[in-house]
Amino acid sequence: MAKVKIGISVNGKCYELDVEFYETLLNVLRNKLGLTGTKFGCGKGECGACTVNINGEAILSCLTLAVQADGKEILTIEGLQNGTKLHPLQEAFVKHSAIQCGYCTPGVIMAAKALLDCDPKPSEETVRKALANNLCRCTGYDKPVKAILEAAKTMRGKHEK
Amino acid sequence: MKSELSVVGKSVTRFDAFDKVTGKAKYGIDLKMDNMLYAKLLRSPYPHAKAVKIDTTKAESHPRVRAVVTINEAPKVIGAVAMLMTEEGMKSLDMFDNVVRFIGDPVAAVAAEDEESAEEALSLIDVEYKQLPPVFDPLEALKETAPKIHKSGNIAFNVLKEFGNVDKGFRKADYILENRYTTSKQKHCAIEPFSTCIANYGLDGRLTVYSSSQRPHIIKRYLAGALGLPVNKVRIIKPHTGGAFGGRDYLIHGLEVMCSFLSRKTGRPVRMSFTREEDFEATEARHPFIIELKTGVTKEGILTAMSIKAVMDVGGYGPHAVGVLVNAMNNGIRLYRCPNQRFEGYSVYTNTSLCGAYRAYGNPQINFALESQMDMIAEKLGIDPVELRLKNYRGLGELDPITGDETRSDGMKECLRKASKKFGWNDKRTKRIAEGTKRRGVGMSCLSHNTGGRFSIPDPASAIVMFNTDGSVNLVTAAADDGQGNKTVLAQIAAEELGIGWEQISVSDTDTDVTPLDSGTHGSRQTYAGGIVVKKAAAEAKKALISAASEHLNVKPERLSIKDGVIYDTKNPATSIRVNNILRMLQYEDLSIGKQIIGVATGVAPSWPPIHGANFVEVEVDIETGEVRVVKLACAFDVGKAINPAHVEGQIIGGEATGIGYALTEGLIVKDGKVLNNNFTDYRLLRACDMPEIDAIIVESNEPTGAFGAKGVGEATNAGTAAAIANAIYDAVGVRVKELPITQERILKELHSLK
């Protein structure tokens, strides 16, 4: 079957790609664009390690076909920092030691990014619900949740200034 | 002592934090090499069969296939690290045969130009199987008439130990309790599936393997043996690891060996990755136990005798058939001072997926039985469960009856006191909260867990501390970091010893060509065993530096001291030299010297000090649905000294999460040898919204043999959770479930039988 031509923006950079109609966005990101920060955990949308933002929404890239992303703006963990400056979420994860093996971290941070973009002042319960898609076997979620709440505060502070 | 420490005891930023939050950290699954081939495994569809004929002709003629390897060529490495102790043991690490022993057992491997072709070629391999009668139940497997899974029979290992006189001890008891407990086959569920290795065999006869193993040096030895290579010809490089928890303790069944054989056959780098389903179905899991526990106790609550009979299901192969059973015995016997104890244990093969090392290594199983039983005793005698533990646990100065090891640090009392206070034990125990169909209850457990493997397995550790010209340091260690953060912790220990900042230290990646011998990351040992050698190596380096300065300043070394980057004469501080100046002089300035200041240490830790811990849990049980919600958990762990408190808290809360899963939801469901829940929908891990409020308390008892008083932490944190939850459920609804996981169905069944 013929390949499909798509145009996507990833971390602010535009790509024209020929993809198989059955190819997942996760595969495109990891294997075609070399953006391995987005992780494979299950391939079935059950673990959240592959979470990216598409047009500002937290999306599981293993369940998203590349063709579905055509014309859309994708943000991955690699695009979150501003030059050498970390995003407040990344800063908070570093500060709170909210990382152990770090394999779920990109997905967790991207889920949190989408949450904070639409709800700048979430309660702890809202944060925990927003992470319901993301499995972590190391941290017990405690430090990541604290980091997200602190990042929200930092980001609010910036907007208010 | 506390005020003198400047780096130890601080929650400094972990070295890998930046790479991990920016997506830069490379895990095994992210690695690629030029000209790389992709490999896939053909797995057995039968639980027990002989692969009489494996015809690979068609697969080999696939245009994109480059090599096929079968179990007739490549051995199954079923080694335990203790086998390295003898020549005989080393020879028998490898197993060659054409029998498959569980559904998913590898039969052959294909390397092709791309993953899809490798997958396609698997279906072109013709295997003629002769099915053999399977046995799935360990008790069935113990019977004389059971089909034999291995030539030696179905008992992989057995042990019988008695201390004191158990029969006499039971005669002295006022009460005797006897119960049977069973535990589940919990899966590690590291979010990076247990897989992905790249093997690269060069025509110079050198094999380089990128593997996330917890024990790079041990698997280097195993792979050298399997391929018949001199040990120096094998190099293991460890990338970032997406969770291990014991599951990457040795080789992954079928992964590194097959990959290496394919690379040798093709002369090209070969990469193999498992799917999540393969991870669930065919990599190691926690051993299910059947435990018969008999306890004798006086009416004052003093244990007089304890008899434990354990049957441990190891699955089709038993890489940890000895280790886990012995560790269950060690931790089971060490916890309580009972003078008369017997442990009888059997590791039994079944035609199910293999079991192996898993965080706390036999302790969660035995602790569930011990601590459920202690709760029943406390109720029977009308003693506070905390009081009962305090009366019986083995404390300071007491000897482990098995090894003779002395308990030199004891934080149990403090753990019990602090956690119970934080939890509000006395208050909550007396209150009965019921609302609609919901009933609240509280329970507790305690535990001890040995740090490292000092008395049971070869357990070497090594470190090299190298000074740079500016006074900064490179620390070289094979202390594999699986995400616990031990590299950062070891840097803190070195920095403290050297009197420099932690950020002045860089820690090597793990590469067996460079990093000296270390038995790996297991048994919560790196802060303890790794810490001891790192501290020694740093002390050696410091000594060498002082000695060089002594020569230069013409002042006796014992009069010299280092402070703020200056070496000075304590009797005449004007006589001094800056550390960076002497280092530059030694390395580059004086052309007749040209040397680096290096400190080296290697050796085993002197003990395996027990980490103590206590868990207090409040649950809410719905009597209509059987659903259990953990409302609150307060726990305390005696880690000797928390080198990095934030890391310790992370270990505690993460471990407790795994412990709650073990208690309530987790376990592979295996029917006729087939894993039915091979995904995260049917196998339920706790999610962020399922977590209770957790109070994690650090207790520091200062272990005299450890670096700055440190013991370990990681494994202890999920060893006692299940019993505390089971006890809380009993307190809430009067139902005593002795089977893990304590599912809604099991609670409902018990509730109905109460009626």
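Mentor: Let's begin with a term: the radius of gyration is taken over C-alpha atoms, and the globule rule is 2.2 Å times the number of residues to the power 0.38. Keep in mind that this is a predicted model.

Trainee: Thanks! What radius of gyration does chain B have beside that of a compact globule?

Mentor: Chain B fills a box of roughly 90 × 70 × 50 Å along the principal axes, going by its C-alpha atoms. For 755 residues the rule puts a compact globule near 27 Å, and chain B agrees with that, since its radius of gyration is 27 Å.

Trainee: Of the contacts in chain B between residues at least 6 apart in sequence, what percentage join residues at least 24 apart?

Mentor: Start with the make-up of the chain: chain B holds 20 helices and 32 strands. Of its 755 residues, 60% count as buried. Among contacts between residues at least 6 apart in sequence, the share that joins residues at least 24 apart is 81%.

Trainee: Which residues does B:Ile725 contact, leaving aside neighbours within four places in sequence?

Mentor: Once neighbours within four places are set aside, the contacts of B:Ile725 are B:Gly443, B:Val617, B:Val619, B:Val630, B:Ile660, B:Ala663, B:Leu664 and B:Ile742.

Trainee: Which strands of chain B stand at the edges, each with a single partner strand?

Mentor: This is an open sheet of three strands in the order S6-S2-S8 in chain B, with antiparallel pairing. Strand S2 (residues 49–55) of chain B pairs with S6(B) over two bridges, and B:Ala49 has B:Val100 as its partner in S6(B). The edge strands have one partner each, so one side of each is left without a neighbour in the sheet; they are S6 (99–100) and S8 (126–131) of chain B.

Trainee: Now for the chain pair. Which element supplies the largest share of the side of chain B that touches chain A?

Mentor: In this contact, 45 residues of chain B meet 42 residues of chain A. Helix H1 (17–22) and helix H18 (645–664) of chain B are the elements that give two or more residues to that side. The largest share of it, seven residues, comes from H18(B).

Trainee: How many nonpolar, polar and charged residues does that side of chain B have?

Mentor: We are still on the 45 residues of chain B in contact with chain A. By class, this side of chain B divides into 18 nonpolar, 17 polar and ten charged residues.

Terms used
Residues numbered from 1 in each chain as written. Chains lettered and ligands numbered in written order. Predicted model: local features only at pLDDT ≥ 70, side-chain atom pairs only at ≥ 80, totals over all residues. Contact = placed C-beta atoms within 7 Å. Helix = DSSP H or I, 4+ residues; strand = E, 2+ residues; numbered from the N terminus. Nonpolar A, V, L, I, M, F, W, Y, C, P; charged D, E, K, R; others polar. Buried ≥ 20, exposed ≤ 12 C-beta atoms within 10 Å, placed from the backbone. Pairing = 2+ DSSP bridges.
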